[in-house]
Amino acid sequence: MIKRVEINYRGIFQKNLGKKIGSDIVIIASRMGRIGFSNGRYSDSPERNGIPCKYFAFVSHDLSEEELEAECGAKLDIDQADISVVLDDTMVKGVEPWGWHGVRAINEKVQPGGTLLLSTKKTADELLQFIGRKPYQWNIATYEGDPSFGGLWVFRDDLTHERTLGAVAGIDPDIIGIEAVEDYLNYKNPKEPFRAEAARKAYDEVRATKRTVNPGEGIEWTHEIPVLPKWFEFMEGAAVPAVKRHFEMGPKGQSRNETFKRGTTKTQRPVVRFDICTKCTLCWLECPDECFDPTTDGLYDIAFEYCTGCGKCAQICPVQECIVMVDELQFADNSSPWEAYTQNRENYVEWAEKAKSKGRYIHPFVTGTGLESVQGEVVPLGGKRAAQTGKEG
Ligand code: SF4
Ligand code: SF4
């Protein structure tokens with residue numbers, strides 16, 4: 001018997017977190033007399049900010065260490081998971097984790113009766129609006145948490161690590177048990193009982209939130225999944241078609257390559273208030289992924305399929321409240337915001353202000369206290385901001 005856990009994390013930002021969870025599952029399992037093995041999948045070259053990546057933990061009650069490693073060691077991915085952990089809930093919109101071969105459903109590997117386990121502040125029903133349906137019953141469970149972004153050499157010590165260990169124990173004690181999790185955390189941190197307490201809290205949470213997802217629940221997965229040739233199909237003289245390349249400046253052209261869309265790497269998305277844009281060109285010039293398209297009226301539309309959510313445009317825009325980064329899960333698709341704006345300006349501005357008020361994030365990355373949603377200033381359509389008119393409030 002082998003229990004398989006995959007830990008879906010955002011490249012760079014959560015690398016140390018994913019690795020720590022995978023290795024601690026193995027250590028705790030071994031303290032319970034089980035055999036464990038953990039590895040990470042080579043993701044991209046180099047692993048990039050935000051790209052969906054995976055670590056794995058395998059636990060067995062009856063195989064030897066050598067047998068388990070032989071079974072699980074040299075694979076780039078697994079076929080089925082007992083638990084798929086998701087450390088950033090925006091990955092429910094799909095992950096393109098390796099070699100850019102298709103946007104995959106986050107629950108792709110969850111086997112019949114397996115569980116998708118998410119650190120999130122949303123409910124399972126809210127998340128199922130984005131998750132692909134499956135032909136069999138599976139489970140979903142949540143425990144409260146923000147995306148815990150650190151960095152390549154940085155680990156944000158916000159208890160997501162401990163909570164995830166407790167959550168895994170809550171879903172499947174055949175992988176690790178909650179008492180063993182608590183013993184381990186107290187052994188490692190004898191003066192910090194709050195770590196084991198955080199694990200126990202998540203353990204209780206996932207047992208309360210876990211629910212069965214029936215066939216047909218979720219959305220139809222429409223992303224095309226490329227079928228790659230197997231190694232034994234590479235005959236002598238086989239040619240793999242080259243990736244299409246082009247460099248074409250101008251509206252809707254830019255130097256983007258349609259094969260390399262990085263939309264699944266984003267946790268946040270810029271909302272643009274076109275009505276207060278001064279057409280300064282800075283967002284168009286500075287976006288690292290060349291997402292901005294000049295429009296016929298001198299504004300700049302955004303191609304969200306290419307947007308990585310880096311936030312640079314929001315930082316560089318000189319007009320306050322003109323570009324604001326908000327929670328990616330507020331968006332159902334990648335449609336053009338400029339087209340929505342030109343169709344109905346009043347409706348667009350009302351929508352933009354609502355999106356800004358619901359999910360404006362600050363301190364998303366290495367420094368700060370984590371993701372905080374704050375209230376911003378409401379700007380009327382085409383209107384000057386209060387600061388510009390000298391008024392308060
Ligand atoms: S967040 Fe802004 S700057 Fe960054 S990739 Fe998206 S559009 Fe470009
Ligand atoms: S940086 Fe801001 S003001 Fe300048 S063109 Fe872009 S959206 Fe408009």
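This is a predicted model: local features need pLDDT of at least 70, side-chain atom pairs count only at pLDDT 80 or more; totals for chains, interfaces and linings use all residues.

**Entry 1: Thr281.** I placed Thr281 in the loop between strand 8 (268-272) and helix 7 (282-286). Its phi is near 80°, a positive value in a residue other than glycine.

**Entry 2: Glu321.** Here I noted another positive phi in a residue other than glycine, near 70°. Glu321 sits in the loop between helix 8 (312-316) and strand 11 (323-327). I counted 18 C-beta neighbours inside 10 Å, so Glu321 is partly exposed.

Entry 3: I traced an open sheet of seven strands with mixed pairing, in the order 2-3-1-4-5-6-7. Its edges are strand 2 (35-40) and strand 7 (211-213), each of which pairs on one side only. On average, neighbouring strands are turned by 20° against each other, direction ignored. Strand 1 (residues 3-10) and strand 4 (residues 81-86) run parallel and are joined by four bridges. I also looked up Asn8: its bridge partner in strand 4 is Val86.

**Entry 4: helix 4.** I saw helix 4 (residues 160-171) lying across strands including strand 1 and strand 5 (110-120), and running at about 150° to strand 5.

**Entry 5: ligand 1.** Which residues surround ligand 1? I listed, among them, Pro270, Cys287, Asp289, Cys291, Cys307, Cys310 and Lys312. The shell divides into seven nonpolar, three polar and two charged residues.

Notes
Residues are numbered from 1 along each chain as its sequence is written. Chains are lettered from A and ligands numbered from 1 in the order in which they are written. A residue is near a molecule or strand if its C-beta atom, placed from the backbone, lies within 6 Å of it. Ala, Val, Leu, Ile, Met, Phe, Trp, Tyr, Cys and Pro count as nonpolar, Asp, Glu, Lys and Arg as charged, and the others, Gly among them, as polar. Two strands pair if DSSP finds at least two bridges between them. Helices (H or I, at least four residues) and strands (E, at least two) are DSSP runs, numbered from the N terminus. Axes are lines fitted to C-alpha atoms, for helices over the stretch in contact, and angles run from 0 to 180 degrees between N-to-C directions. Two residues are in contact if their C-beta atoms, placed from the backbone, lie within 7 Å. A residue is buried if 20 or more other C-beta atoms lie within 10 Å of its own, exposed if 12 or fewer, and partly exposed in between; C-beta atoms are placed from the backbone.
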